[in-house]
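Work through the exercises below with the sequence and the model side by side. Try each task before you read its solution.

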Amino acid sequence: MIQHWNIIEQYASVLKQVHLKELFIEDAGRVHSCSHTLPFAFVDYSRQRVNAQLLEELCVFAREINIREQFVQMMQGAKINVTEQRSVLHTALRAPKDSVINIDGQNIVPEIHAVLDQIRVFSDAIRKGALRGYSGKTFTDIVNIGIGGSDLGPNMVCNALRYYSNRDISVHFVSNVDPTHLAETLRTCSPETTLFIISSKTFTTEETMANAFAAKEWFLQHGGTSWELHACAVSANIEKTSAFGIPSDRVFGFWDWVGGRYSVWSAIGLSIAISIGYEHFEQFLAGAHEMDMHMASEEIENNIPIILGLIDALNVICYDVHSHSIIPYDEYLRLFPAFLQQMMMESNGKSITREGHEIVYHTSPIIWGQPGTDAQHSFFQLLHQGTEQVNTEFIACAKPLNPIGDMHERLLANCAAQSAALMHGKTQNEVMQDISKTNLSEAEKRALIPHKLFSGDRPSTTILLKELTPFTLGWLIALYEHRTFVQGIVWDICSYDQWGVELGKVMAASILPAVKDSSVVLESQDCSTEQLISTIHVFRNA
(Lines give C-alpha, C1' and ligand atoms only; values in the text may rest on other atoms or scores of the structure.)
Protein backbone atom coordinates (compact mmCIF):
# COMPACT_ATOMS: atom_id res chain seq x y z
CA MET A 1 0.00 0.00 0.00
CA ILE A 2 1.29 3.47 -0.81
CA GLN A 3 1.31 6.40 1.58
CA HIS A 4 -2.07 7.91 0.71
CA TRP A 5 -3.88 4.81 1.92
CA ASN A 6 -2.94 5.84 5.46
CA ILE A 7 -5.17 8.90 5.06
CA ILE A 8 -8.03 6.67 3.91
CA GLU A 9 -7.53 4.44 6.94
CA GLN A 10 -7.75 7.48 9.24
CA TYR A 11 -11.06 8.59 7.70
CA ALA A 12 -12.35 5.04 7.82
CA SER A 13 -11.42 4.60 11.48
CA VAL A 14 -13.70 7.52 12.34
CA LEU A 15 -16.58 6.32 10.13
CA LYS A 16 -16.28 2.84 11.61
CA GLN A 17 -17.76 4.24 14.82
CA VAL A 18 -20.71 5.84 13.01
CA HIS A 19 -23.95 3.92 12.44
CA LEU A 20 -25.00 3.88 8.81
CA LYS A 21 -28.35 5.45 9.80
CA GLU A 22 -26.50 8.49 11.09
CA LEU A 23 -24.89 9.07 7.71
CA PHE A 24 -28.38 9.50 6.27
CA ILE A 25 -29.33 11.84 9.10
CA GLU A 26 -26.24 13.96 8.42
CA ASP A 27 -26.97 14.01 4.68
CA ALA A 28 -30.59 13.25 3.80
CA GLY A 29 -29.75 13.42 0.09
CA ARG A 30 -26.69 11.19 0.20
CA VAL A 31 -28.28 8.72 -2.21
CA HIS A 32 -27.76 11.33 -4.97
CA SER A 33 -24.04 11.61 -4.29
CA CYS A 34 -23.60 7.87 -3.67
CA SER A 35 -25.35 6.43 -6.71
CA HIS A 36 -25.21 6.45 -10.49
CA THR A 37 -28.19 6.39 -12.85
CA LEU A 38 -27.90 5.22 -16.45
CA PRO A 39 -30.73 4.73 -18.97
CA PHE A 40 -30.67 0.99 -18.24
CA ALA A 41 -29.24 0.69 -14.70
CA PHE A 42 -29.18 2.28 -11.25
CA VAL A 43 -26.26 1.61 -8.88
CA ASP A 44 -26.72 2.65 -5.24
CA TYR A 45 -23.89 2.40 -2.71
CA SER A 46 -25.34 4.95 -0.26
CA ARG A 47 -25.63 2.16 2.34
CA GLN A 48 -21.88 1.60 2.26
CA ARG A 49 -19.72 3.14 5.00
CA VAL A 50 -18.45 6.11 3.02
CA ASN A 51 -19.12 9.82 3.00
CA ALA A 52 -18.18 12.66 0.67
CA GLN A 53 -14.77 13.16 2.28
CA LEU A 54 -13.82 9.49 2.20
CA LEU A 55 -15.00 9.11 -1.39
CA GLU A 56 -12.88 12.10 -2.34
CA GLU A 57 -9.81 10.53 -0.71
CA LEU A 58 -10.50 7.23 -2.46
CA CYS A 59 -10.61 9.06 -5.79
CA VAL A 60 -7.31 10.82 -4.99
CA PHE A 61 -5.82 7.42 -4.19
CA ALA A 62 -7.15 5.96 -7.45
CA ARG A 63 -5.45 8.73 -9.40
CA GLU A 64 -2.26 8.32 -7.42
CA ILE A 65 -1.97 4.63 -8.39
CA ASN A 66 -3.18 5.31 -11.95
CA ILE A 67 -6.02 2.79 -11.91
CA ARG A 68 -7.68 4.02 -15.08
CA GLU A 69 -4.38 4.38 -16.93
CA GLN A 70 -3.40 0.83 -15.95
CA PHE A 71 -6.75 -0.39 -17.23
CA VAL A 72 -6.20 1.32 -20.58
CA GLN A 73 -2.75 -0.28 -20.76
CA MET A 74 -4.39 -3.66 -20.17
CA MET A 75 -6.85 -2.98 -23.00
CA GLN A 76 -3.94 -2.14 -25.28
CA GLY A 77 -2.16 -5.42 -24.60
CA ALA A 78 0.28 -4.68 -21.77
CA LYS A 79 1.50 -7.95 -20.24
CA ILE A 80 -0.03 -7.37 -16.83
CA ASN A 81 -0.08 -11.11 -16.08
CA VAL A 82 3.47 -10.76 -14.82
CA THR A 83 4.03 -14.32 -13.62
CA GLU A 84 3.20 -15.79 -17.04
CA GLN A 85 4.28 -12.81 -19.15
CA ARG A 86 0.91 -12.63 -20.88
CA SER A 87 -1.43 -9.91 -22.01
CA VAL A 88 -4.93 -9.88 -20.55
CA LEU A 89 -7.34 -9.05 -23.34
CA HIS A 90 -10.86 -10.22 -22.61
CA THR A 91 -11.90 -6.64 -23.43
CA ALA A 92 -10.60 -7.19 -26.99
CA LEU A 93 -13.10 -10.01 -27.47
CA ARG A 94 -15.95 -7.47 -27.56
CA ALA A 95 -14.09 -4.69 -29.38
CA PRO A 96 -15.66 -3.40 -32.63
CA LYS A 97 -14.37 -4.72 -35.94
CA ASP A 98 -12.54 -1.48 -36.80
CA SER A 99 -10.53 -1.45 -33.56
CA VAL A 100 -6.76 -1.85 -33.59
CA ILE A 101 -5.15 -3.80 -30.75
CA ASN A 102 -1.59 -4.84 -31.43
CA ILE A 103 0.16 -7.76 -29.77
CA ASP A 104 3.81 -8.13 -30.79
CA GLY A 105 3.13 -5.86 -33.76
CA GLN A 106 0.08 -7.82 -34.96
CA ASN A 107 -3.47 -6.47 -34.87
CA ILE A 108 -5.50 -9.22 -33.16
CA VAL A 109 -8.96 -7.77 -33.89
CA PRO A 110 -9.36 -9.34 -37.38
CA GLU A 111 -8.53 -12.75 -35.90
CA ILE A 112 -11.11 -12.26 -33.14
CA HIS A 113 -13.80 -11.31 -35.63
CA ALA A 114 -12.90 -14.22 -37.89
CA VAL A 115 -13.78 -16.54 -34.98
CA LEU A 116 -16.94 -14.54 -34.28
CA ASP A 117 -17.95 -14.97 -37.93
CA GLN A 118 -17.31 -18.70 -37.59
CA ILE A 119 -19.54 -18.75 -34.49
CA ARG A 120 -22.26 -16.83 -36.36
CA VAL A 121 -22.27 -19.20 -39.34
CA PHE A 122 -22.15 -22.36 -37.22
CA SER A 123 -24.75 -21.28 -34.65
CA ASP A 124 -27.14 -20.07 -37.37
CA ALA A 125 -26.78 -23.38 -39.22
CA ILE A 126 -27.58 -25.35 -36.05
CA ARG A 127 -30.59 -23.16 -35.21
CA LYS A 128 -31.98 -23.26 -38.76
CA GLY A 129 -31.45 -27.00 -39.15
CA ALA A 130 -28.90 -26.71 -41.96
CA LEU A 131 -26.38 -28.71 -39.92
CA ARG A 132 -27.77 -32.07 -38.86
CA GLY A 133 -26.70 -35.35 -37.31
CA TYR A 134 -25.88 -38.67 -38.97
CA SER A 135 -29.53 -39.65 -39.40
CA GLY A 136 -30.56 -36.35 -40.95
CA LYS A 137 -32.44 -35.15 -37.89
CA THR A 138 -31.96 -31.64 -36.50
CA PHE A 139 -30.12 -31.17 -33.23
CA THR A 140 -32.31 -30.92 -30.14
CA ASP A 141 -29.61 -31.13 -27.46
CA ILE A 142 -26.28 -29.34 -27.12
CA VAL A 143 -23.91 -30.72 -24.47
CA ASN A 144 -21.08 -28.37 -23.52
CA ILE A 145 -18.24 -30.25 -21.84
CA GLY A 146 -15.78 -28.05 -19.99
CA ILE A 147 -14.81 -26.95 -16.50
CA GLY A 148 -14.09 -23.70 -14.70
CA GLY A 149 -14.45 -20.77 -17.05
CA SER A 150 -15.31 -23.14 -19.89
CA ASP A 151 -18.43 -24.13 -17.96
CA LEU A 152 -19.40 -21.49 -15.38
CA GLY A 153 -19.55 -18.59 -17.85
CA PRO A 154 -21.63 -20.09 -20.67
CA ASN A 155 -23.74 -22.09 -18.21
CA MET A 156 -24.64 -18.97 -16.24
CA VAL A 157 -25.32 -16.87 -19.34
CA CYS A 158 -27.48 -19.52 -21.03
CA ASN A 159 -29.56 -19.73 -17.85
CA ALA A 160 -29.68 -15.96 -17.42
CA LEU A 161 -30.84 -15.41 -21.00
CA ARG A 162 -33.10 -18.42 -21.27
CA TYR A 163 -36.03 -16.10 -21.96
CA TYR A 164 -34.40 -15.30 -25.31
CA SER A 165 -33.51 -18.90 -26.17
CA ASN A 166 -34.73 -21.26 -28.87
CA ARG A 167 -36.90 -23.64 -26.85
CA ASP A 168 -36.52 -26.36 -29.50
CA ILE A 169 -32.86 -26.73 -28.50
CA SER A 170 -31.86 -27.71 -24.96
CA VAL A 171 -28.37 -26.71 -23.85
CA HIS A 172 -26.71 -28.83 -21.15
CA PHE A 173 -23.43 -28.38 -19.30
CA VAL A 174 -21.19 -31.12 -17.96
CA SER A 175 -18.19 -30.16 -15.83
CA ASN A 176 -17.81 -32.51 -12.88
CA VAL A 177 -15.57 -35.55 -13.34
CA ASP A 178 -18.08 -37.36 -11.13
CA PRO A 179 -19.62 -39.72 -13.73
CA THR A 180 -23.08 -38.97 -12.38
CA HIS A 181 -23.00 -35.52 -13.97
CA LEU A 182 -22.51 -36.91 -17.47
CA ALA A 183 -24.77 -39.93 -16.95
CA GLU A 184 -27.73 -37.88 -15.72
CA THR A 185 -27.28 -35.30 -18.49
CA LEU A 186 -27.29 -37.92 -21.24
CA ARG A 187 -30.34 -39.80 -19.93
CA THR A 188 -32.65 -37.50 -21.86
CA CYS A 189 -30.44 -37.19 -24.95
CA SER A 190 -30.41 -39.20 -28.17
CA PRO A 191 -27.19 -39.78 -30.15
CA GLU A 192 -29.08 -38.87 -33.33
CA THR A 193 -29.89 -35.35 -32.17
CA THR A 194 -27.08 -34.43 -29.74
CA LEU A 195 -24.14 -32.14 -30.52
CA PHE A 196 -21.13 -32.08 -28.17
CA ILE A 197 -18.99 -28.97 -27.64
CA ILE A 198 -15.64 -29.90 -26.07
CA SER A 199 -14.22 -26.75 -24.48
CA SER A 200 -10.56 -26.90 -23.47
CA LYS A 201 -7.87 -24.49 -24.58
CA THR A 202 -5.14 -27.15 -24.46
CA PHE A 203 -7.46 -30.13 -25.01
CA THR A 204 -5.65 -31.77 -22.10
CA THR A 205 -7.75 -30.59 -19.12
CA GLU A 206 -8.14 -33.78 -17.10
CA GLU A 207 -11.79 -33.47 -16.06
CA THR A 208 -12.91 -32.20 -19.46
CA MET A 209 -11.15 -34.90 -21.43
CA ALA A 210 -12.38 -37.66 -19.12
CA ASN A 211 -15.93 -36.49 -19.78
CA ALA A 212 -15.24 -36.02 -23.50
CA PHE A 213 -13.97 -39.58 -23.97
CA ALA A 214 -16.89 -40.93 -21.94
CA ALA A 215 -19.36 -38.91 -24.03
CA LYS A 216 -17.86 -40.21 -27.27
CA GLU A 217 -18.04 -43.76 -25.95
CA TRP A 218 -21.71 -43.24 -24.99
CA PHE A 219 -22.42 -41.92 -28.47
CA LEU A 220 -20.86 -44.92 -30.21
CA GLN A 221 -22.27 -47.52 -27.81
CA HIS A 222 -25.79 -46.17 -28.31
CA GLY A 223 -25.73 -46.60 -32.08
CA GLY A 224 -24.23 -43.29 -33.08
CA THR A 225 -22.16 -43.06 -36.27
CA SER A 226 -20.24 -40.24 -37.96
CA TRP A 227 -18.94 -38.78 -34.71
CA GLU A 228 -17.46 -35.89 -36.68
CA LEU A 229 -21.00 -34.62 -37.35
CA HIS A 230 -21.81 -34.56 -33.64
CA ALA A 231 -18.75 -32.88 -32.17
CA CYS A 232 -17.01 -29.53 -32.26
CA ALA A 233 -14.31 -28.01 -30.08
CA VAL A 234 -13.20 -24.74 -28.58
CA SER A 235 -9.44 -25.17 -28.38
CA ALA A 236 -6.04 -23.98 -29.50
CA ASN A 237 -4.72 -27.52 -29.98
CA ILE A 238 -5.64 -28.60 -33.53
CA GLU A 239 -3.46 -31.71 -33.33
CA LYS A 240 -5.33 -33.12 -30.35
CA THR A 241 -8.79 -32.12 -31.58
CA SER A 242 -8.03 -33.86 -34.88
CA ALA A 243 -6.89 -37.00 -33.05
CA PHE A 244 -10.21 -36.90 -31.18
CA GLY A 245 -12.07 -37.00 -34.50
CA ILE A 246 -13.13 -33.37 -34.76
CA PRO A 247 -12.66 -31.75 -38.20
CA SER A 248 -10.54 -28.60 -38.25
CA ASP A 249 -13.45 -26.50 -39.57
CA ARG A 250 -15.33 -27.37 -36.39
CA VAL A 251 -12.58 -26.13 -34.08
CA PHE A 252 -13.08 -22.61 -32.76
CA GLY A 253 -9.90 -20.73 -31.91
CA PHE A 254 -8.64 -19.58 -28.54
CA TRP A 255 -5.70 -17.46 -27.38
CA ASP A 256 -3.38 -17.53 -24.38
CA TRP A 257 -4.29 -13.93 -23.53
CA VAL A 258 -7.82 -15.05 -22.60
CA GLY A 259 -8.10 -16.27 -19.02
CA GLY A 260 -10.64 -19.03 -18.49
CA ARG A 261 -12.82 -17.05 -16.08
CA TYR A 262 -12.91 -14.17 -18.59
CA SER A 263 -13.55 -16.31 -21.66
CA VAL A 264 -17.36 -16.24 -21.96
CA TRP A 265 -17.02 -13.57 -24.69
CA SER A 266 -14.87 -15.85 -26.84
CA ALA A 267 -15.71 -19.07 -28.65
CA ILE A 268 -16.38 -20.48 -25.19
CA GLY A 269 -19.69 -18.68 -25.71
CA LEU A 270 -20.58 -20.88 -28.71
CA SER A 271 -23.32 -22.59 -26.70
CA ILE A 272 -24.76 -19.14 -25.87
CA ALA A 273 -24.92 -18.16 -29.54
CA ILE A 274 -26.66 -21.44 -30.37
CA SER A 275 -29.12 -20.96 -27.53
CA ILE A 276 -30.10 -17.30 -27.96
CA GLY A 277 -29.01 -16.61 -31.55
CA TYR A 278 -26.02 -14.69 -32.80
CA GLU A 279 -27.78 -11.30 -32.88
CA HIS A 280 -28.47 -11.57 -29.18
CA PHE A 281 -24.89 -12.74 -28.61
CA GLU A 282 -23.70 -9.57 -30.37
CA GLN A 283 -25.85 -7.49 -28.01
CA PHE A 284 -24.27 -9.36 -25.10
CA LEU A 285 -20.82 -8.35 -26.38
CA ALA A 286 -22.02 -4.79 -26.96
CA GLY A 287 -23.15 -4.45 -23.34
CA ALA A 288 -19.71 -5.48 -22.12
CA HIS A 289 -18.03 -3.07 -24.56
CA GLU A 290 -20.23 -0.27 -23.22
CA MET A 291 -18.83 -0.95 -19.75
CA ASP A 292 -15.27 -1.15 -21.15
CA MET A 293 -15.62 2.33 -22.59
CA HIS A 294 -17.14 3.63 -19.35
CA MET A 295 -14.24 2.22 -17.32
CA ALA A 296 -11.63 3.55 -19.74
CA SER A 297 -12.99 7.08 -20.20
CA GLU A 298 -15.30 8.13 -17.37
CA GLU A 299 -13.90 10.42 -14.67
CA ILE A 300 -13.11 8.51 -11.50
CA GLU A 301 -15.83 10.21 -9.44
CA ASN A 302 -18.45 8.86 -11.88
CA ASN A 303 -16.66 5.64 -12.78
CA ILE A 304 -18.88 2.88 -11.44
CA PRO A 305 -16.44 -0.08 -11.39
CA ILE A 306 -13.64 2.06 -9.94
CA ILE A 307 -15.82 3.41 -7.14
CA LEU A 308 -17.31 0.00 -6.32
CA GLY A 309 -13.90 -1.71 -6.51
CA LEU A 310 -12.43 0.85 -4.12
CA ILE A 311 -15.32 0.32 -1.70
CA ASP A 312 -14.82 -3.46 -1.97
CA ALA A 313 -11.17 -3.05 -0.94
CA LEU A 314 -12.11 -0.55 1.78
CA ASN A 315 -14.55 -3.01 3.36
CA VAL A 316 -11.93 -5.74 3.51
CA ILE A 317 -8.93 -3.72 4.69
CA CYS A 318 -10.43 -1.01 6.89
CA TYR A 319 -13.72 -2.45 8.12
CA ASP A 320 -12.73 -6.12 8.51
CA VAL A 321 -15.65 -7.26 6.33
CA HIS A 322 -14.29 -10.44 4.77
CA SER A 323 -17.53 -11.90 3.44
CA HIS A 324 -19.37 -10.62 0.36
CA SER A 325 -22.78 -12.06 -0.49
CA ILE A 326 -24.38 -11.64 -3.91
CA ILE A 327 -28.17 -11.83 -3.83
CA PRO A 328 -29.86 -11.61 -7.24
CA TYR A 329 -33.59 -11.02 -6.95
CA ASP A 330 -34.08 -12.65 -10.32
CA GLU A 331 -34.46 -16.38 -10.92
CA TYR A 332 -32.67 -16.14 -14.26
CA LEU A 333 -29.54 -15.02 -12.36
CA ARG A 334 -29.55 -18.06 -10.08
CA LEU A 335 -26.03 -19.09 -11.19
CA PHE A 336 -24.59 -15.57 -11.06
CA PRO A 337 -23.11 -15.87 -7.52
CA ALA A 338 -21.30 -19.09 -8.49
CA PHE A 339 -19.96 -17.40 -11.62
CA LEU A 340 -18.65 -14.48 -9.56
CA GLN A 341 -17.06 -16.84 -7.05
CA GLN A 342 -14.65 -18.00 -9.71
CA MET A 343 -14.12 -14.60 -11.29
CA MET A 344 -13.31 -12.78 -8.07
CA MET A 345 -11.79 -15.40 -5.78
CA GLU A 346 -9.65 -17.12 -8.41
CA SER A 347 -8.46 -13.69 -9.52
CA ASN A 348 -7.77 -12.06 -6.18
CA GLY A 349 -7.41 -14.92 -3.71
CA LYS A 350 -3.71 -14.12 -3.42
CA SER A 351 -1.30 -13.42 -0.57
CA ILE A 352 1.77 -12.28 -2.55
CA THR A 353 2.31 -8.89 -4.20
CA ARG A 354 3.23 -8.53 -7.84
CA GLU A 355 6.84 -8.08 -6.73
CA GLY A 356 6.75 -11.36 -4.78
CA HIS A 357 6.42 -9.99 -1.23
CA GLU A 358 4.11 -11.44 1.40
CA ILE A 359 0.96 -9.38 1.91
CA VAL A 360 0.22 -8.15 5.45
CA TYR A 361 -3.39 -7.07 4.80
CA HIS A 362 -6.51 -8.95 3.70
CA THR A 363 -7.26 -9.41 0.00
CA SER A 364 -10.28 -11.10 -1.59
CA PRO A 365 -13.35 -11.61 0.59
CA ILE A 366 -15.31 -14.83 0.42
CA ILE A 367 -17.84 -14.50 -2.41
CA TRP A 368 -21.08 -16.41 -2.02
CA GLY A 369 -24.79 -16.08 -2.48
CA GLN A 370 -28.17 -17.39 -3.57
CA PRO A 371 -31.19 -15.84 -5.23
CA GLY A 372 -33.70 -13.91 -3.13
CA THR A 373 -36.28 -14.64 -1.87
CA ASP A 374 -34.93 -18.15 -1.27
CA ALA A 375 -31.94 -16.64 0.51
CA GLN A 376 -34.19 -14.85 2.98
CA HIS A 377 -35.37 -18.26 4.22
CA SER A 378 -31.86 -19.70 4.20
CA PHE A 379 -29.06 -17.54 5.60
CA PHE A 380 -30.44 -14.04 6.09
CA GLN A 381 -30.67 -14.79 9.80
CA LEU A 382 -26.87 -14.57 9.86
CA LEU A 383 -26.84 -11.41 7.76
CA HIS A 384 -29.19 -9.65 10.17
CA GLN A 385 -28.20 -10.97 13.60
CA GLY A 386 -25.02 -13.01 13.19
CA THR A 387 -21.64 -12.10 14.66
CA GLU A 388 -20.03 -11.98 11.20
CA GLN A 389 -20.23 -8.73 9.22
CA VAL A 390 -21.19 -9.37 5.60
CA ASN A 391 -21.18 -6.94 2.70
CA THR A 392 -24.39 -7.74 0.83
CA GLU A 393 -25.06 -6.94 -2.80
CA PHE A 394 -28.61 -6.90 -4.14
CA ILE A 395 -29.28 -7.24 -7.87
CA ALA A 396 -32.77 -6.79 -9.30
CA CYS A 397 -34.60 -5.90 -12.51
CA ALA A 398 -37.34 -3.27 -12.58
CA LYS A 399 -39.27 -4.86 -15.45
CA PRO A 400 -40.26 -8.54 -15.29
CA LEU A 401 -39.77 -10.83 -18.27
CA ASN A 402 -42.55 -13.11 -17.07
CA PRO A 403 -45.22 -10.94 -15.43
CA ILE A 404 -47.77 -12.87 -13.36
CA GLY A 405 -50.13 -10.84 -11.19
CA ASP A 406 -48.24 -8.79 -8.61
CA MET A 407 -45.50 -11.36 -8.03
CA HIS A 408 -42.69 -9.23 -9.45
CA GLU A 409 -43.75 -6.28 -7.31
CA ARG A 410 -43.60 -8.55 -4.27
CA LEU A 411 -40.10 -9.63 -5.29
CA LEU A 412 -38.90 -6.03 -5.61
CA ALA A 413 -40.52 -5.07 -2.31
CA ASN A 414 -38.56 -7.84 -0.59
CA CYS A 415 -35.33 -6.65 -2.21
CA ALA A 416 -35.88 -3.07 -1.09
CA ALA A 417 -36.95 -4.10 2.40
CA GLN A 418 -33.99 -6.38 3.05
CA SER A 419 -31.37 -3.76 2.19
CA ALA A 420 -33.21 -1.20 4.34
CA ALA A 421 -33.53 -3.65 7.24
CA LEU A 422 -29.83 -4.49 7.13
CA MET A 423 -29.03 -0.82 7.59
CA HIS A 424 -31.76 0.29 10.02
CA GLY A 425 -32.02 -2.74 12.28
CA LYS A 426 -34.49 -2.62 15.15
CA THR A 427 -33.96 -0.76 18.42
CA GLN A 428 -35.03 -1.78 21.91
CA ASN A 429 -37.78 0.84 21.92
CA GLU A 430 -39.14 -0.50 18.63
CA VAL A 431 -39.08 -4.06 19.94
CA MET A 432 -40.82 -3.03 23.16
CA GLN A 433 -43.50 -1.25 21.17
CA ASP A 434 -44.13 -4.40 19.13
CA ILE A 435 -44.34 -6.81 22.04
CA SER A 436 -46.44 -4.44 24.13
CA LYS A 437 -49.35 -5.45 21.90
CA THR A 438 -48.96 -9.13 22.82
CA ASN A 439 -50.51 -11.07 25.71
CA LEU A 440 -47.11 -12.05 27.14
CA SER A 441 -46.33 -11.45 30.79
CA GLU A 442 -43.88 -8.70 31.71
CA ALA A 443 -41.22 -11.30 32.52
CA GLU A 444 -41.74 -12.99 29.18
CA LYS A 445 -41.52 -9.67 27.38
CA ARG A 446 -38.23 -8.76 29.08
CA ALA A 447 -36.79 -12.18 28.24
CA LEU A 448 -37.81 -11.84 24.57
CA ILE A 449 -36.42 -8.33 23.95
CA PRO A 450 -32.73 -9.27 23.37
CA HIS A 451 -33.68 -11.93 20.83
CA LYS A 452 -35.68 -9.50 18.72
CA LEU A 453 -33.06 -6.74 18.60
CA PHE A 454 -31.35 -6.01 15.26
CA SER A 455 -28.20 -3.93 15.41
CA GLY A 456 -28.51 -2.90 11.77
CA ASP A 457 -25.46 -0.98 10.52
CA ARG A 458 -24.72 -3.66 7.94
CA PRO A 459 -23.44 -2.47 4.56
CA SER A 460 -25.06 -3.21 1.23
CA THR A 461 -25.10 -2.13 -2.40
CA THR A 462 -28.04 -2.35 -4.79
CA ILE A 463 -27.78 -2.73 -8.57
CA LEU A 464 -31.09 -2.29 -10.35
CA LEU A 465 -31.27 -3.11 -14.05
CA LYS A 466 -34.14 -1.72 -16.09
CA GLU A 467 -34.60 -5.18 -17.61
CA LEU A 468 -32.55 -8.34 -18.00
CA THR A 469 -31.44 -8.35 -21.64
CA PRO A 470 -28.34 -9.67 -23.42
CA PHE A 471 -27.00 -6.08 -23.40
CA THR A 472 -27.56 -5.42 -19.68
CA LEU A 473 -26.20 -8.84 -18.70
CA GLY A 474 -23.02 -8.17 -20.70
CA TRP A 475 -22.75 -4.77 -19.02
CA LEU A 476 -23.25 -6.30 -15.57
CA ILE A 477 -20.63 -9.04 -16.02
CA ALA A 478 -18.07 -6.53 -17.30
CA LEU A 479 -18.82 -4.32 -14.29
CA TYR A 480 -17.69 -7.15 -12.00
CA GLU A 481 -14.69 -7.92 -14.21
CA HIS A 482 -13.47 -4.34 -13.87
CA ARG A 483 -14.19 -4.22 -10.13
CA THR A 484 -12.00 -7.28 -9.84
CA PHE A 485 -9.28 -5.44 -11.78
CA VAL A 486 -9.54 -2.43 -9.44
CA GLN A 487 -9.30 -4.63 -6.36
CA GLY A 488 -6.16 -6.28 -7.73
CA ILE A 489 -4.50 -2.91 -8.36
CA VAL A 490 -5.34 -1.69 -4.84
CA TRP A 491 -4.05 -4.91 -3.27
CA ASP A 492 -1.01 -4.94 -5.60
CA ILE A 493 -1.54 -8.53 -6.70
CA CYS A 494 -1.49 -10.34 -10.04
CA SER A 495 -5.18 -10.97 -10.68
CA TYR A 496 -4.73 -13.01 -13.84
CA ASP A 497 -2.81 -16.12 -12.87
CA GLN A 498 -4.09 -19.00 -10.73
CA TRP A 499 -1.16 -21.00 -9.45
CA GLY A 500 -3.17 -22.05 -6.39
CA VAL A 501 -5.35 -24.20 -8.65
CA GLU A 502 -2.39 -26.25 -9.86
CA LEU A 503 -1.04 -27.91 -6.72
CA GLY A 504 -4.06 -30.07 -5.95
CA LYS A 505 -4.37 -31.12 -9.61
CA VAL A 506 -0.73 -32.24 -9.69
CA MET A 507 -1.13 -34.17 -6.43
CA ALA A 508 -4.32 -35.80 -7.73
CA ALA A 509 -2.41 -37.16 -10.71
CA SER A 510 0.17 -38.75 -8.43
CA ILE A 511 -2.49 -40.25 -6.14
CA LEU A 512 -4.71 -41.62 -8.95
CA PRO A 513 -2.70 -44.87 -9.53
CA ALA A 514 -3.12 -45.84 -5.88
CA VAL A 515 -6.86 -45.12 -5.99
CA LYS A 516 -7.20 -47.35 -9.06
CA ASP A 517 -4.98 -50.20 -7.77
CA SER A 518 -4.64 -51.13 -4.09
CA SER A 519 -1.26 -52.74 -4.75
CA VAL A 520 0.31 -49.40 -5.70
CA VAL A 521 2.34 -47.91 -2.84
CA LEU A 522 2.55 -44.13 -2.71
CA GLU A 523 5.73 -42.41 -1.73
CA SER A 524 5.94 -39.36 0.52
CA GLN A 525 2.27 -39.24 1.49
CA ASP A 526 0.96 -38.39 4.93
CA CYS A 527 -0.78 -41.06 6.97
CA SER A 528 -4.19 -39.41 6.60
CA THR A 529 -4.02 -39.65 2.79
CA GLU A 530 -2.78 -43.22 2.99
CA GLN A 531 -5.59 -44.21 5.35
CA LEU A 532 -8.20 -42.54 3.14
CA ILE A 533 -7.04 -44.48 0.08
CA SER A 534 -6.90 -47.72 2.05
CA THR A 535 -10.44 -47.19 3.33
CA ILE A 536 -11.68 -46.43 -0.21
CA HIS A 537 -10.52 -49.90 -1.28
CA VAL A 538 -12.01 -51.56 1.81
CA PHE A 539 -15.41 -49.94 1.17
CA ARG A 540 -15.38 -50.64 -2.57
CA ASN A 541 -14.49 -54.31 -2.11
CA ALA A 542 -16.86 -54.97 0.78
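**Exercise 1. Find the ring that lies under the charged end of Arg-49.**

Step 1. A charge sits over a ring if NZ of Lys or CZ of Arg is within 6 Å of the ring centre and within 35 degrees of the ring normal.
Step 2. Apply it. The charged end of Arg-49 is placed over the ring of Tyr-319, 5.8 Å from the centre of that ring.
Step 3. Look at another case. Arg-30 lies over the face of Phe-24, 5.2 Å from the ring centre.

A note on the source: this is a predicted model, where local features need pLDDT of at least 70, side-chain atom pairs count only at pLDDT 80 or more, and totals for chains, interfaces and linings use all residues. Residues are numbered from 1 along each chain as its sequence is written, and side-chain values use heavy atoms, with hydrogens and water left out.

**Exercise 2. Classify the aromatic pair of Phe-281 and Phe-284.**

Step 1. State the rule. Rings of Phe, Tyr and Trp (its six-membered ring) pair if their centres lie within 6.5 Å; planes under 30 degrees apart count as stacked, over 60 as edge-to-face and the rest as tilted.
Step 2. Count. The rule gives 24 aromatic pairs.
Step 3. Classify. Phe-281 and Phe-284 are 6.1 Å apart, centre to centre, with 35° between the planes, and the pair is tilted.
Step 4. Helices (H or I, at least four residues) and strands (E, at least two) are DSSP runs, numbered from the N terminus.
Step 5. Check burial. Buried means under 20% relative accessible area, exposed over 50%, partly exposed in between (1.4 Å probe, protein chains only). Phe-281 has 0% relative accessibility, so it counts as buried. Phe-284 is also at 0% and is buried.

**Exercise 3. Work out which helices the pair of Phe-336 and Tyr-480 ties together.**

Step 1. Classify. Phe-336 and Tyr-480 form an edge-to-face pair, at 5.5 Å centre to centre and 80° between the planes.
Step 2. Locate. Phe-336 lies in helix H14 (residues 336-348) and Tyr-480 in helix H19 (residues 470-491), so the pair ties together parts that are 144 residues apart in sequence.
Step 3. Check burial. Phe-336 is buried, at 0% relative accessibility. Tyr-480 is buried too, with a relative accessible area of 0%.

**Exercise 4. Give the strand order of the open sheet of 6 strands.**

Step 1. Read the order. It is E1-E2-E13-E12-E10-E11, with mixed pairing. Two strands pair if DSSP finds at least two bridges between them.
Step 2. Find the edges. Strand E1 (35-38) and strand E11 (366-369) each pair on one side only.
Step 3. Trace the links. Strand E10 (residues 323-329) runs parallel to E12, with 6 bridges. His-324 stands opposite Asn-391 in E12. E12 and strand E13 (residues 460-465) are also parallel, joined by 6 bridges. Here Ala-396 faces Leu-464 in E13. E10 and E11 pair in the parallel sense over 4 bridges, with Ile-326 opposite Gly-369 in E11.
Step 4. H19 lies across E1, strand E2 (41-44), E10, E12 and E13, at about 150° to E13. For such angles, axes are lines fitted to C-alpha atoms, for helices over the stretch in contact, and angles run from 0 to 180 degrees between N-to-C directions.

**Exercise 5. Decide how enclosed strand E12 is.**

Step 1. Count. In E12 (residues 391-397), 7 of the 7 residues are buried, so the strand is largely enclosed by the rest of the structure.
Step 2. Sort the sides. Asn-391, Glu-393, Ile-395 and Cys-397 point one way, while Thr-392, Phe-394 and Ala-396 point the other way.

**Exercise 6. Describe the open sheet of 5 strands.**

Step 1. Read the order. It is E6-E5-E7-E8-E9, with parallel pairing.
Step 2. Find the edges. They are strand E6 (170-174) and strand E9 (251-252).
Step 3. Inspect a link. Strand E5 (residues 141-145) pairs with E6 over 5 bridges. Asp-141 stands opposite Ser-170 in E6.
Step 4. Helix H7 (residues 149-160) lies across E5, E6 and strand E7 (194-199), at about 150° to E6.

Definitions and conventions:
Contact = heavy atoms within 4.5 Å.
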